[in-house]
Amino acid sequence: MAGALEYRGPLSVDGVDVATMGQLPAAEAQATDTTLYGDQISTLRRADAIWGETLSPGYLTVWATIASRTLAASVAKFCVYAVHTGLTGFDFGVYVGPDASSLSRKVTVSGLSWIATAGMRPVNLGALAVNRGDAVAFAGLTTGSGTAPRLASTTPTTGAGASALLNETPYSVYRSGQVAPLPLTLNLNDAVWTRANQKFWGSLR
């Protein structure tokens with residue numbers, strides 16, 4: 001029949017087309033914190049850290065995550081949402097271990113200058129080796145009396161039945177009666193810890 005379509009099989013793709021296709025960028029549905037800010041490992045997305053939670057004096061507070069990649073981390077960051085007044089000490093530490101029950105302190109910094117102004121606080125790590133699947137924890141401790149600083153965190157889960165929403169999500173934990181220096185090791189599964197209903201933000205890059 002004149003004008004009828006005839007199937008002749010698939011057309012071949014020449015080398016120029018294949019090379020061109022290989023140069024096309026991979027589509028990203030939404031820009032990630034890695035793309036936007038260089039965060040390689042973080043406890044939560046920056047967009048979720050819309051609250052500032054108090055780092056109460058005398059309480060050792062720890063927040064953690066599981067590393068999604070292997071990394072030679074050079075910088076850790078935390079964010080001061082609101083500054084302190086009248087405190088006498090601040091200590092911050094980074095811990096790494098095979099799981100949350102076996103964390104070893106790798107880096108610490110101290111001094112009130114870390115919480116005296118609002119904004120990002122970069123902590124130099126040198127070259128801290130982190131393996132995919134490792135637990136990475138950040139610890140903060142303030143001492144003295146006065147107004148405690150607030151660090152960037154998730155909005156607290158409150159109201160009737162709120163505790164059911166936590167389930168096994170790794171929120172922050174704390175324990176009272178603590179003094180500097182920060183402990184050399186941490187076991188976040190120990191019964192001495194109280195689990196909080198929000199999580200602080202921290203990242204490695």
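Predicted model: local features only at pLDDT ≥ 70, side-chain atom pairs only at ≥ 80, totals over all residues.

Biologist: OK, how many salt bridges does the structure hold?

Modeller: There are two. One is between Asp39 and Arg46, with the closest N and O atoms 2.8 Å apart. In the other, the side chains of Arg45 and Asp48 meet at 3.0 Å, N to O.

Biologist: Asp39 and Arg46, are they buried or exposed?

Modeller: Buried means under 20% relative accessible area. Asp39 has 2%, so it counts as buried. Arg46 has 19%, so it counts as buried as well.

Biologist: And what about Arg45 and Asp48?

Modeller: Those two are partly exposed: Arg45 has a relative accessible area of 46%, and Asp48 has 32%.

Biologist: Back to Arg46. Which ring does its charged end sit over?

Modeller: The ring of Tyr37, at 4.0 Å from the ring centre. There's also Arg150, which lies over the face of Trp51, 5.6 Å from the centre of that ring.

Biologist: Let me zoom out. How many helices and strands are in the protein chain?

Modeller: Two helices and 13 strands. The chain has 205 residues, and 40% of them count as buried. Looking at contacts with a separation of 6 or more, 84% are between residues 24 or more positions apart.

Biologist: Which strands form the open sheet, and in what order?

Modeller: Seven of them, in the order E11-E6-E5-E8-E3-E10-E12, with antiparallel pairing. At the edges are strand E11 (185-186) and strand E12 (194-195), each pairing on one side only.

Biologist: Give me one pairing up close. How many bridges join E3 to E10?

Modeller: Three, between residues 60-66 of E3 and residues 173-175 of E10, running antiparallel. If you want a spot to look at, find Thr61, which stands opposite Tyr174 in E10.

Biologist: Is Thr185 buried or exposed?

Modeller: Exposed, because its relative accessibility is 53% and the cut-off for exposed is over 50%.

Biologist: Now the inside. How many residues has the largest nonpolar core?

Modeller: It has 27, and Phe92 and Leu204 are the ones with the most contacts inside it. The strands that give two or more residues to this core are E4 (71-82), E5 (85-97), E6 (103-110), E7 (119-130) and E8 (135-147). A second, separate core has 14 residues, including Ala64, Tyr95, Ala137 and Leu188.

Biologist: What does Leu204 touch?

Modeller: Not counting residues up to four places away in sequence, its contacts include Leu71, Ala73, Val75, Val94, Leu125 and Phe138.

Biologist: Changing topic: how many aromatic pairs does the structure hold?

Modeller: Eight. Take Trp63 and Phe200: their ring centres are 4.8 Å apart and the planes are at 40°, so this pair is tilted. Trp63 lies in strand E3 and Phe200 in the loop between E12 and strand E13 (203-204), so the pair ties together parts that are 137 residues apart in sequence. Trp63 is buried at 0% relative accessibility, and Phe200 is buried at 2%.

Biologist: Nice. How far apart are Phe78 and Phe90, centre to centre?

Modeller: 5.9 Å, with 45° between the planes, which is a tilted pair. Phe78 is in strand E4 and Phe90 in strand E5, 12 residues apart. Phe78 counts as buried at 0%, and Phe90 is buried with 1%.

Biologist: Last one: which residues form the aromatic cluster?

Modeller: Trp63, Phe78, Phe90, Phe92, Trp114, Phe138 and Phe200 form one cluster.

Notes
Residues numbered from 1 in each chain as written. Heavy atoms only, no water. Core = buried A, V, L, I, M, F, W, Y, C linked by side-chain atoms within 4.5 Å. Buried < 20%, exposed > 50% of the residue type's maximum accessible area, 1.4 Å probe, protein only. Helix = DSSP H or I, 4+ residues; strand = E, 2+ residues; numbered from the N terminus. Contact = heavy atoms within 4.5 Å. Pairing = 2+ DSSP bridges. Salt bridge = Lys/Arg side-chain N within 4 Å of Asp/Glu carboxyl O. Phe/Tyr/Trp six-rings, centres within 6.5 Å; stacked < 30°, edge-to-face > 60°. Lys NZ or Arg CZ within 6 Å of the ring centre and 35° of its normal.
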